[in-house]
Amino acid sequence: MTASDNPHRPQVPPTSAPGTGATGLASPETALSDALSQVVHEAVRASLHESVRSELRTQLRAELADVARKQRRRASLYATAGAFTLYAGAAAALTLGLAIAVGLPGWVAGLIVTALLAVVAVVLRNAARPAKSAPGPGSRPTSEGAAEAAVPPAPRGAPGTADFPAVPATPPGVTTPPATSESPSPRAR
């Protein structure tokens with residue numbers, strides 16, 4: 001049995017919080033004040049959020065523009081150096097050809113320089129390729145592994161790769177007859 005259930009005890013109305021009436025509900029002034037406070041809080045928060053976001057966006061754009069400008073300058077310098085290197089290599093090849101042409105006909109000197117440049121290109125290409133791992137001791141390549149090693153990988157975008165869907169063996173809508181075996185069926189005997 002609780003104190004409120006006791007009929008001999010006088011009922012005392014509960015004390016109300018400031019801004020509330022005897023019923024415990026908020027007074028209209030307090031409700032309006034709370035609502036106004038909430039609206040102002042949300043507006044200030046949204047305004048602050050947007051101003052911080054725009055300031056960060058502006059700073060990020062400025063930093064990215066600076067980095068991009070530096071990278072463009074570096075790339076143009078590398079391209080210019082590459083062009084001058086190409087012309088220097090051509091001049092060196094011409095000089096070598098003229099030096100060889102002193103003792104041989106001009107066309108032979110040109111052929112020799114061309115062969116030398118081709119050999120250098122092949123050596124440099126092979127040096128740039130990653131080394132292939134050799135099979136371990138005691139392991140024999142299987143015919144399947146040898147076949148895979150003999151077939152080069154499909155180029156990017158070739159049929160059957162992820163970039164390009166595989167072409168079906170038969171056109172759409174064409175049905176193929178069921179496969180029959182070479183040997184006669186037991187019913188045909």
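Ala-93 is buried, at a relative accessible area of 17%. Here, buried means under 20% relative accessible area, exposed means over 50%, and partly exposed covers what lies in between, with a 1.4 Å probe and protein chains only. The model is a predicted one: local features need pLDDT of at least 70, side-chain atom pairs count only at pLDDT 80 or more, and totals for chains, interfaces and linings use all residues. Residues are numbered from 1 along each chain as its sequence is written, and side-chain values use heavy atoms, with hydrogens and water left out.

Ala-93 lies in helix α1. Helices are DSSP runs of H or I with at least four residues, strands are runs of E with at least two, and both are numbered from the N terminus. Leaving aside residues up to four places away in sequence, Ala-93 touches Val-113 and Leu-117. Contact means heavy atoms within 4.5 Å. Ala-93 and Gly-110 are 17 residues apart in sequence, and their C-alpha atoms are 9.0 Å apart in space.

The contacts of Ala-93 belong to a meeting of two helices. In α1, Ala-93, Leu-96, Gly-97 and Ile-100 meet Ala-109, Ile-112, Val-113, Leu-116 and Leu-117 of α2. Helix α2 spans residues 106–128. The axes of α1 and α2 come within 8 Å and cross at roughly 135 degrees. Axes are lines fitted to C-alpha atoms, for helices over the stretch in contact, and angles run from 0 to 180 degrees between N-to-C directions. The two helices, α1 and α2, are therefore oblique to each other. Angles under 35 degrees count as roughly parallel, over 145 as roughly antiparallel, 65 to 115 as roughly perpendicular, and the rest as oblique. The crossing of α1 and α2 is right-handed. That label applies if the near helix is turned clockwise from the far one by less than a right angle, and left-handed applies if anticlockwise.

The structure has two salt bridges. A salt bridge is a side-chain nitrogen of Lys or Arg within 4 Å of a carboxyl oxygen of Asp or Glu. Asp-66 pairs with Arg-69, the closest N and O atoms being 2.3 Å apart. Asp-66 is partly exposed at 25% relative accessible area. Arg-69 is partly exposed too, at 48%. Lys-70 also forms a salt bridge with Asp-66, at 3.7 Å from N to O. Lys-70 and Asp-66 are four residues apart in α1, again about one helical turn. Through shared partners, the salt bridges join Asp-66, Arg-69 and Lys-70 into one network.

Overall, the protein has three helices and zero strands. Its pattern along the sequence is α-α-α. Of its 189 residues, 4% are buried.
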